[in-house]
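My notes follow as numbered points, with the cut-offs given where each term comes up.

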Amino acid sequence: MKYKYEVIRSARKSISVSVSSSNKITVRCPWGVRPEQIESFLDLKADWIEKVILNNSKKLAVNDDVIELREIYVEGRRLPLVFGDKDEITAERVCVKNVSRLCKLFERHCFPEFLARVNAYAEKAMLYPASVGVKDYKGRWGCCDAKNNLIFNYKLFMLPRHIQDYVIIHELCHTLCHNHSPAFWKLVSDFVPDYKKVRGELRNYDFLTALY
């Protein structure tokens, strides 16, 4: 295997490999698996790993100015990111005192209108959350807990509206189906018929979840 990778051992029964949006390779395997077994497994997955890394590298290259904090997405638009003495989002730029203040800035600027859309979709779908909030997640766009509280990643506000709407519907559907069963995806498709296409678009922004 020509790439470096991390091995996480546990009581699981099989070997798996994942590649993060930043091209970190992680192998998960049972305790007793030998290094040569891992290498053999990775050799079988080499073409897939290479394809994912290549696709990720293209996405990262296109977003170099965003990754280097020179620009930032706001509802799908790339705007200059300026570090200064105030926190504001305008039509021309995003100004913030430091990166840690981005969550509160986006929440203040975007959440009221976003919440109105969540409520509108909830009424349309007749799927009602217990509450709706915002959080700085590092690996997900949204969450529906066991009590049907919805929490969305503030970085969702950086994405185009139609992708935001898909995530809204996705989490609302979890208030009825707390899993990803065929019944769940059927419910999602009732409101977003092209959800598979939109999910593909969403993956182009996965790197944002770990960036800020």
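1. Tyr73 stands opposite Arg78 in E5. Strand E4 (residues 71-74) and strand E5 (residues 77-83) run antiparallel and are joined by four bridges. Strands pair here if DSSP finds at least two bridges between them; strands (E, at least two residues) and helices (H or I, at least four) are DSSP runs, numbered from the N terminus. The hairpin of E4 and E5 has two residues between the strands, and Glu75 takes a positive phi near 50° there.

2. A word on the basis: this is a predicted model, in which local features need pLDDT of at least 70 and side-chain atom pairs count only at pLDDT 80 or more, while totals for chains, interfaces and linings use all residues. Residues are numbered from 1 along each chain as its sequence is written, and side-chain values use heavy atoms, with hydrogens and water left out.

3. Next, an open sheet: three strands in the order E8-E10-E9, with mixed pairing. Strand E8 (131-135) and E9 are at the edges with a single partner strand each, so one side of each has no neighbour in the sheet. On average, neighbouring strands of this sheet are turned by 20° against each other, direction ignored (axes are lines fitted to C-alpha atoms). E9 and strand E10 (residues 149-153) run antiparallel, joined by three bridges, and Cys143 stands opposite Ile151 in E10.

4. The structure holds zero disulfides. Cys143 is buried at 16% relative accessibility, and Cys144 is buried at 14% (buried means under 20% relative accessible area, exposed over 50%, partly exposed in between, with a 1.4 Å probe and protein chains only).

5. The largest pocket has a volume of about 820 Å³. A pocket is an open set of points on a 1 Å grid where a 1.4 Å probe fits, with protein on both sides within 12 Å along at least five of seven lines; lining residues have an atom within 4 Å of a point. The volume is the space filled by probe spheres set on the points.

6. The lining of the largest pocket has 32 residues, and Gly139, Trp141, Leu202, Arg203 and Asp206 lie nearest its centre. Elements giving two or more residues to this lining include strand E9 (142-144), helix H2 (46-62) and helix H7 (195-203). By class, the lining has 11 nonpolar, 14 polar and seven charged residues, with Gly counted as polar.

Terms used: Disulfide = S-S within 2.5 Å. Axes fitted to C-alpha atoms, helices over the stretch in contact; angles between N-to-C directions.
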